Amino acid sequence: MALRGGTRFAVRFEDVFPAGCALVPESLGEVEDYDEKTGRRSPAKDKLTGQRVWQVRVMDLDPELGKRSRETTVKISADYQPVPPTGAPFEAVEFDGMTVTPYVANNGRMAYSLRATGLRAPVVGGKKAAA
């Protein structure tokens, strides 16, 4: 079986962040593409959906990570900028419509990028967590 570069695989939020994650304050912003010919930047568009691309840094709350890096970036494809549930620093969030895209990094090691279709307050016991 051959896979094309950029293949996105659907994943559950719980499988990526088993202990949850928290937003890094003031890290939510729009991704920009750079055109080398013109030297201009423009809002990035998702190649599959055509929607604008936003990104946010999160801290993985998994205690099994030990001393390893806990910060990662999740790109969100949405027509409008996602809004954090409360706006509080380091607030817990969950992502909807998550996908993972594996690739080989410049150093020859396996890496992956995370994408989502939205973010929201965590669901606790079938209900949204209190803000």
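Modeller: Happy to! Two strands count as paired if DSSP finds at least two bridges between them, and a strand is itself a DSSP run (E, at least two residues), numbered from the N terminus. This is a predicted model, with local features needing pLDDT of at least 70 and side-chain atom pairs 80 or more, while totals for chains, interfaces and linings use all residues. Residues are numbered from 1 along each chain as its sequence is written, and side-chain values use heavy atoms, without hydrogens and water.

Let's follow strand β6, residues 53-60. With β7 it forms an antiparallel pair over seven bridges, and here V56 stands opposite V74 of β7. Strand β2 (residues 21-23) also runs antiparallel to β6, joined by three bridges; in that pairing C21 faces D60. Strand β3, residues 29-30, pairs with β6 through two bridges, again in the antiparallel sense, and G29 sits opposite Q55.

D60 leads us on to the second largest pocket, as one of its lining residues. A pocket is an open set of points on a 1 Å grid where a 1.4 Å probe fits, with protein on both sides within 12 Å along at least five of seven lines; lining residues have an atom within 4 Å of a point. The space in this one is about 190 Å³, a volume being what probe spheres set on the points fill. Besides D60, the lining includes V16, F17, E71 and Y112. Strands β7 (71-77) and β10 (110-116) each give two or more residues to it.

Key: Helix = DSSP H or I, 4+ residues; strand = E, 2+ residues; numbered from the N terminus.
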